[in-house]
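We'll go from the inside to the chain contact, and then to some backbone details.

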Amino acid sequence: METHFLVEARLEGRVRVLKLSGELDVASSAALEQSVDEDFDYDRLVIDLSDLEFIDSTGLSVLVVAHQQAVADGREFCVVQGPAQVQRLLALTGLEQRLTVADTLEQLLSSG
Amino acid sequence: MFNELFEILAEAVTVRDPGGEIVYANAAALAYLGFSSVEELKATTSQSIMDDYLVEDEHGRPLSHSEIPSVRVLRGEPPRPMLMRLVSRSSGEQRWTFLKTTALRDEDGELLGALTVIEDVTAVKNAEIRTGVLAESGRMLAADLDYHQTLRNVAEAAVPSLADYCSVDLVDEQGQMERVAACHRDPAEQELEAELRELPAARLESDHPVARVVATGTSELFSELTTADLEEAARDEHHLGILHQLGPRSLMIVPMRVPNRTIGVMTLATAASQRRFDPQDVELAEQLGRRAAVAVENARLHTKLSEIATTLQSVLLPRELPEIPGWELASLYRPAETDLRVDVGGDFYEFLEHEGTWFGVFGDVTGKGIQAAALTTLMRTGTRVACRIQPQPAAILARLDEALSQESGHALCTALCMCLHRDHMVISSAGHPQAIIVGHDGSLREVPTPGPVLGAFPDATWPEDNVSLTPGELIVFYTDGVTETPGDGGRFGVERLREFLSQQAGTAPASVLNLLDAELTEFTGGAALTDDVAVVALRARPRSE
């Protein structure tokens, strides 16, 4: 089965947005790790999951690490909620309750 | 006028009369053939000039005087250019020569003689051989992880372009030299090749040239071997007999080096071809030696890794399930296939008894292969330790979370921890897919309440659920490798798993898992698993048992 994964990164004022699409799993998680590690000056990191089709536990661990790193750096970390499978896993693993999750990207851009 | 023109030509030109004798040679031709004047050349027959050389065509077939282009042309045959290899019998020097002959005729078409242009193409041909040998060896080195075969391939790449025979010796694990490959150019000399292969390698503690090359890492060249050299190299009469049969003229020993050490040597020699090796040959052989060394080192590391993996595997894999009174159990464990031949993964389970009560932990460390597997041992032994300190599922998970958080590398772990009682279980979840209970009528329930994944949050706590199970009801624990298994129609998915389980009411745990294994194999079309798969199924026995 062919899988694909894409990270679109952009800076909106003081907000860095990483929009994910495709499948975030063992094979593709390194690509997200790399994008998270890139050095930019910003106050809030938003991971947009709305177009993410699939996430597994390795993908999840990248989100957790990004969250821990952002907190350590004194930045806000938020996610835009994804489709059902993604949200189910976030809920199952307790991430949903511990991360700032918004319905849409607009909410996170305007409240910054 | 023609004479003057020919004299200034860089190409060597000769003219033979119809009788075949050389009547003219320009300065370049005289120099090429090694004569100081035309008179001196004329005093020598062309047959005797040829006798000074070993003459072969480009495929190594010996050429006779009657086959050279000028002689053919004088016989009235059509002119056909020829590439030949000349090896001086006295100096062992090798030259590649390209001959083009034209018939010289008068106005009436009467044959006056044959004009031959001799072109020295040694440099071009050597470069071609060099490229060829290296390219061939590159292909052969890449082909095989069995280094004995690889070295046989390398020996074959060197023969006959570079040498007439070649042998390869390696320093083995005990520090002894071991002959691993040999190749002889002449297919008729199979027996001799076998003898060469069977010859014991030199002892490293001796002052044999092979031992010197291993010690110093520096090549040795014997451009002209003497009988004394052979006698010195031979271990005994039998050995000397073989050396005489091989009849080496020129010999070089090059190291097979990896950074910091020499792991073996290649011995290359000329015999029938009469060539004498020069420093360029040594340089080419050294390149071949370096490439072979890297291939051997890679193959050895690979073998070592496989051995380590096999050892680790026995430690890292979940143990066989124990007998638990009052319960029927079965497990399915299929690690993802990696390129490391390491059949271990991040899925794990452990069941243990503590003061008459049985506990179980079932989980999945993120990532795959050895790294994930190593953390599963932490989780499994951690469960045993935690159980002794505070034998409660939520408390065990808290201790596992603590242990995992102390590990560097940001690994996460999802797990279900359970305590087995006669008619119920206490289950606590750390971000793990819910277990599925199959009721007597095929109805499904999913338990327990989700709790946070291990290794992610500093302030986490875990809820505990009391789950009642009547005898005959099946509870199935699985890792996401099951539901995420990819196939042609997307992923296997929770729905497909639920659908499958809903038809398993009343089936014994072992049978259910056999059927599920077959179902997964069918779903993937037999393709290799990309993630670990683990499933444990339990069923309470009826009270009377």
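First, the ground rules. This is a predicted model, with local features needing pLDDT of at least 70, side-chain atom pairs counting only at pLDDT 80 or more, and totals for chains, interfaces and linings using all residues. Residues are numbered from 1 along each chain as its sequence is written, chains are lettered from A and ligands numbered from 1 in the order in which they are written, and side-chain values use heavy atoms, with hydrogens and water left out.

Let's start inside. In soluble globular proteins, nonpolar side chains tend to be buried together. A nonpolar core here is a set of buried Ala, Val, Leu, Ile, Met, Phe, Trp, Tyr and Cys residues joined through side-chain atoms within 4.5 Å; buried means under 20% relative accessible area, exposed over 50%, and partly exposed in between (1.4 Å probe, protein chains only). The largest such core has 55 residues, and those with the most contacts inside it include A:Leu20, A:Ile47 and B:Leu454. Its largest share, six residues, comes from helix H2 (residues 57-72) of chain A. Helices (H or I, at least four residues) and strands (E, at least two) are DSSP runs, numbered from the N terminus. Apart from this core lies another, of 36 residues, among them B:Ile129 and B:Phe277.

Now for the place where the chains meet. Contact means heavy atoms within 4.5 Å, and this one takes 25 residues from chain B and 21 residues from chain A. The two chains bury about 1700 Å² between them, 65% of it on carbon and sulfur atoms; buried area is the accessible area (1.4 Å probe) that two parts lose on being put together, summed over both. On the chain B side, B:His410, B:Phe457 and B:Arg491 lose the most area to chain A, together 31% of what that side buries. There are two salt bridges between the chains, a salt bridge being a side-chain nitrogen of Lys or Arg within 4 Å of a carboxyl oxygen of Asp or Glu. B:Arg491 forms a salt bridge with A:Asp25, with the closest N and O atoms 3.8 Å apart.

Back in chain B, is B:Thr14 buried or exposed? B:Thr14 sits in strand E1 (residues 12-16) and is buried, at a relative accessible area of 3%. Beyond residues up to four places away in sequence, B:Thr14 touches several residues, including B:Tyr24, B:Leu33 and B:Ile118. B:Met418, in strand E15 (residues 413-420), is buried too, with a relative accessible area of 0%. Among the contacts of B:Met418, leaving aside neighbours within four places in sequence, are B:Phe351, B:Trp358 and B:Phe477.

Finally, check the backbone. The peptide bond from B:Val159 to B:Pro160 is cis, with omega near 5°, and B:Pro160 is in the loop between helix H7 (147-158) and strand E7 (165-171). The bond from B:Val447 to B:Pro448 is cis as well, with omega near -10°. B:Asn260 is not a glycine, yet has a positive phi of about 80°; B:Asn260 counts as exposed at 75% relative accessibility. B:Gln274 also has a positive phi, near 65°, and is partly exposed, with a relative accessible area of 24%.
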